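Here is a friendly walk through one structure. Please keep the sequence and the 3D view open as you read.

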Amino acid sequence: MSRRDEVLSRLRDVPAMPAAAMEAIRVLQDPRADAQAIMKALEHDPGLTANVLRLANSAYFGTPRKVSTVREAAVRLGTKRILRVVVACAAAPVVRRGIKGYDLPPGELWQHSASVAVGTDALAEVLKAALPASAFTAGLLHDVGKILLGTYLEVDAAAIIQLAVSEKIGFDEAERRVLGIDHAEAGAALLESWDLPEDVVQAARWHHRPDDAPGRLITLDLVHAADALSMAEGLGIGRDGLQYRPSKAVVLRLGLTTRVEELTLCRVLVALKELKDMFAAPGGR
Amino acid sequence: MSGLVGAPPAQQTVGISEMLVRSGGEDVLVTYSLGSCVGVAAYDPVARAGGLIHCMLPLSKIDAAKAAAAPAMFVDTGVPALLNALFEYGAERKRLVVKVAGASSLLDEKGLFKIGERNYTVLRKLLWKNNILIAAEDVGGQVARTMYLHMATGRTVIRSQGQERDL
């Protein structure tokens, strides 16, 4: 079995997100969907509910009065935002764990993932562009492939980074040379096996080489740019460091300038401070 | 029970866009996740006054309101604030030992994300105008760094890619 096949044969080892959360992600994609089903599903998941309420009460979402039920939170925040809260809470346990092989202590990948998710939001705001519904979720989950490679297959990133540095290639390209697959493709396979929306899968799949993606996707462009900014900010950087090559085509398509990049980083930092309760401790039960 | 013999010195974390200044003591100031941001450690061995700052962006004009609320976010407002706080603790310009870390970048030959480079340029210019030399630096490349300043001695340590070294 090739190393690539070995990676792909281990998808089922990674615990999937709670059913309620995956349902929330699907509903988030559909603007006409009714959130009632999510609320119902959540009511049977007390851990997730506790986390949703904690986040809904954080400064980031800025509810003036504390909310104590999911329904109340949904009324205050609106369907779209409450679904984002659910998605964030659902993704947290998946991406919060440490990844030894990539030298990421617990919480680091979570910080990075959250900063990419709020980064897509901040970018769209600064650029005055419409934010596709899938961008937030895609931002949260774009790096899940590192979990599969670094935890379940115990890939040692140290050897891969050595190759990347000596050849002056991106870390993802070095992963492909060593393993026959990179964390982007491994992550996309994982998300696909969880039956998540196509845009989320595609954004994860191509986030390090958007120029090679089969089609144009705004979600992908936003995730790529927010990822570059998040790496610049230094949050949740593992052994792979900043060893990635940004796409000029994405920068041009989005119209990124130094000013846009810096304004976005300001907003991301403020958002992360407001969301700090989410990072404080493993919440829930 | 901090007076116990052999008790490790307390670590004080400096977050992104924050700074800490101390006079004397045994604390170790530390700032994590320096990517394109710049960390500046400044220490006067005679006054035993020292400080550490973690600036995210070069120029405050991008967002004046944020600069007023959090001057340490920007090099051009943060570093002067750091120096002034040190002078208030009795530090003198000519004795200050200033060390710099960070300013990394992606593999970005086309210069699409120049935050690190801009941070470093603005910092150098500012220190030069203030007649302050950089005693040592560990900047650039594609790595993230952690920077420590030991208040007892002024020792400055960089941790990156699983390795530690004195700066």
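## About the model

This is a predicted model, in which local features need pLDDT of at least 70 and side-chain atom pairs count only at pLDDT 80 or more, while totals for chains, interfaces and linings use all residues. Residues are numbered from 1 along each chain as its sequence is written, and chains are lettered from A and ligands numbered from 1 in the order in which they are written.

Helices (H or I, at least four residues) and strands (E, at least two) are DSSP runs, numbered from the N terminus.

## An enclosed helix in chain A

Let's begin with helix H13 (residues 198-206) of chain A: eight of its nine residues are buried, so the rest of the structure largely encloses this helix. A residue counts as buried if 20 or more other C-beta atoms, placed from the backbone, lie within 10 Å of its own. Among the buried residues of H13(A) are Asp199(A), Arg205(A) and Trp206(A).

Which helices do the buried residues of H13(A) pack against? They pack against helix H8 (134-141), helix H12 (183-193) and helix H14 (218-233) of chain A; contact requires C-beta atoms, placed from the backbone, within 7 Å.

## A sheet in chain B

Chain B holds an open sheet of five strands with mixed pairing, in the order E2-E5-E4-E6-E7; strands pair if DSSP finds at least two bridges between them. Strand E2 (19-23) and strand E7 (134-139) of chain B are the edge strands, each pairing on one side only.

E2(B) pairs with strand E5 (residues 49-55) of chain B in the antiparallel sense over five bridges. Ser23(B) has Ala49(B) in E5(B) as its bridge partner.

## Where the chains meet

The contact draws 26 residues from chain A and 28 residues from chain B. On the side of chain A that touches chain B, H14, helix H15 (248-254) and helix H16 (258-274) of chain A each supply at least two residues. H16(A) gives the most to that side, with eight residues.

Note on methods. Buried ≥ 20, exposed ≤ 12 C-beta atoms within 10 Å, placed from the backbone. Contact = placed C-beta atoms within 7 Å.
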